[in-house]
Amino acid sequence: MSLREKIRVMVVDDMSTSRGLITQALDAFGVRNVATAENGMDAFRALSTAPVHLVISDYNMPEMDGLQLLHQLRSAPKTKGVGFILITGRAEQQIIDHGKKLGMNNYLKKPFDPNDLRSCIEAVVGKL
């Protein structure tokens, strides 16, 4: 069984269009086990009971932004090892540096090309 058939991914974004673009790209790569959440709070609740291998999260969201979600994930024993990719329209150096300090595995700037998303994911989890 290939990695793309086994990997569990959670896509977190408050914009349904963005969630759709990411999940469509994952589907095109053959990744079928994908969950979604509209904000960091909902994602953290879901991940606390059913961890995934990889979280792909937007930065700017209400209630809990992507870096706050990352901090919560890294602080919890069940989720501290989850791969984390931040997707942001604001790829400012201070956001990226803060994410790296918190344990972010990779990031991608919006808008993105599906091939860039695939490369970003493969840099974290290996060849899909």
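**Entry 1**

I began with P111, which the predicted model places in the loop between β5 and α6 (114-125). I looked up the peptide bond that joins K110 and P111 and found a cis bond, with omega about -15°.

**Entry 1**

Is E63 buried or exposed? I recorded a relative accessible area of 58% for E63, and as the cut-off for exposed is over 50%, E63 is exposed.

**Entry 1: helix α3**

I then listed the buried residues of helix α3 (residues 40-49), and these are G40, A43, F44 and L47. Why do the buried residues of α3 line one face of the helix? Seen down the axis of α3, they fall within an arc of 100°, so they share one face. I recalled the general rule that an α-helix has 3.6 residues a turn, so residues three or four places apart point the same way. On the other side of α3, I found R45 and T49 exposed.

I also asked what covers the buried residues of α3. The cover includes the strands β1 (8-12), β2 (33-37) and β3 (54-58), together with α4 (66-75). At the N-terminal end of α3, I noted N39 as a cap: a side-chain oxygen of N39 lies 3.0 Å from the backbone nitrogen of M41.

**Entry 2: strand β4 and its partners**

I examined strand β4 (residues 83-88) and found that six of its six residues are buried. Both faces are covered, with G83, I85 and I87 on one side and F84, L86 and T88 on the other. Strands β3 and β4 run parallel and are joined by five bridges; I noted that V55 has F84 as its bridge partner in β4. The chain passes from β3 through α4 to β4, and I recorded this β-α-β crossover as right-handed.

I then followed β4 to strand β5 (residues 106-109), to which it runs parallel, with four bridges between them. In β5, N106 is the bridge partner of I85. Here the chain crosses from β4 to β5 through helix α5 (residues 93-102), and this β-α-β crossover is right-handed.

**Entry 3: the nonpolar cores**

I looked up how many residues the largest nonpolar core has, and the count is 23. The residues with the most contacts inside this core are M10, V12, V55, L69 and F84. Two or more residues come from each of β1, α3, α4, β4 and α5, and α4 gives the largest share, four residues. I set beside this the general remark that nonpolar side chains tend to be buried together in soluble globular proteins.

I listed the contacts of V55, leaving aside its neighbours within four places in sequence. They are M10, V12, L47, L69, L73, V82, G83, F84 and I85. I also found a second, separate core of 17 residues, which includes F29, I87, L108 and I121.

A polar atom of the E5 side chain lies 2.9 Å from the backbone nitrogen of S2. I also looked up E5 and N33, which are 28 residues apart along the chain, and found their C-alpha atoms separated by 7.6 Å.

Conventions. Residues numbered from 1 in each chain as written. Predicted model: local features only at pLDDT ≥ 70, side-chain atom pairs only at ≥ 80, totals over all residues. Heavy atoms only, no water. Buried < 20%, exposed > 50% of the residue type's maximum accessible area, 1.4 Å probe, protein only. Arc of directions from axis to C-beta. Contact = heavy atoms within 4.5 Å. Polar contact = N/O pair within 3.5 Å; in protein donor to acceptor, adjacent residues only side chain to side chain. Pairing = 2+ DSSP bridges. Right-handed = clockwise from strand over helix to strand, strands pointing away. Core = buried A, V, L, I, M, F, W, Y, C linked by side-chain atoms within 4.5 Å.
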